[in-house]
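Welcome! Take a moment to look over the sequence and the 3D structure, and then let us walk through them together.

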Amino acid sequence: WNFEEPNCGFYVHGGCCGCSCPYFDDYMVLYSNTAQAIKSVDKRLKVGGPSTAQLCWIDKFLTNVTSNNLAVDFVSSHLYPTDPQNNKDEGVNAYYNALKTAGDV
């Protein structure tokens with residue numbers, strides 16, 4: 001399970017998209033409740049996130065799931081060719097760099 005692009009507030013009135021969108025806490029409530037519900041049905045089912053655009057929130061996500069002892073089986077995000085991270089981090093290395101910065105590589 002994952003929720004696509006929670007850092008892009010397309011699901012709220014006047015939503016924004018980017019690393020500075022203010023919906024991280026709301027997303028973590030959704031993630032926590034959903035991950036716990038899924039794992040209560042079958043611990044073999046995979047849950048993860050944050051499934052953000054622009055490699056946003058990876059560090060905050062890993063810190064939050066670790067400090068709250070939440071299940072996480074994978075970390076995900078993605079880049080589009082026009083995202084600024086592609087220009088400054090050489091595209092393919094941007095994801096690795098984001099995980100390395102988060103301390104999980």
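A residue counts as buried when its relative accessible area is under 20%, and as exposed when that area is over 50%. With that in hand, please keep in mind that this is a predicted model.

**The chain as a whole**

The protein chain contains four helices and two strands. Read from the N terminus, these elements follow the order α-β-α-β-α-α. Of the 105 residues in the protein chain, 41% are buried. Among the contacts with a separation of 6 or more, 62% are between residues 24 or more positions apart. The accessible surface of the protein chain is about 6200 Å², and carbon and sulfur atoms account for 53% of that surface.

Helix α2 spans residues 58-67, and its buried residues are I58, F61, L62, N64 and V65. These residues lie on the same side of α2, because they cover an arc of only 165 degrees around the axis. Just after α2 comes N69, with a positive phi of about 50 degrees.

**The nonpolar core**

Which residues have the most contacts inside the largest nonpolar core? They are Y27, M28, Y31, W57, F61 and V65, in a core of 17 residues. Helices α1 (24-41) and α2 each supply at least two residues of this core. The largest share, six residues, comes from α1. More generally, nonpolar side chains in soluble globular proteins tend to be buried together.

**Aromatic rings**

The whole structure holds five aromatic pairs. Two of them are set out here.

| Pair | Geometry | Centre to centre | Angle between planes |
|---|---|---|---|
| Y27 and F61 | tilted | 6.4 Å | 45 degrees |
| Y31 and F61 | edge-to-face | 5.1 Å | 85 degrees |

Y27 sits in helix α1 and F61 in helix α2, so their pair ties together parts that are 34 residues apart in sequence. The pair of Y31, in helix α1, and F61, in helix α2, also links distant parts of the chain, with the two residues 30 apart.

Finally, F24, Y27, Y31, W57 and F61 together make up one aromatic cluster.

Key: Residues numbered from 1 in each chain as written. Predicted model: local features only at pLDDT ≥ 70, side-chain atom pairs only at ≥ 80, totals over all residues. Heavy atoms only, no water. Buried < 20%, exposed > 50% of the residue type's maximum accessible area, 1.4 Å probe, protein only. Contact = heavy atoms within 4.5 Å. Areas by Shrake-Rupley, 256 points an atom, 1.4 Å probe, with all protein chains shown as cover. Arc of directions from axis to C-beta. Core = buried A, V, L, I, M, F, W, Y, C linked by side-chain atoms within 4.5 Å. Phe/Tyr/Trp six-rings, centres within 6.5 Å; stacked < 30°, edge-to-face > 60°.
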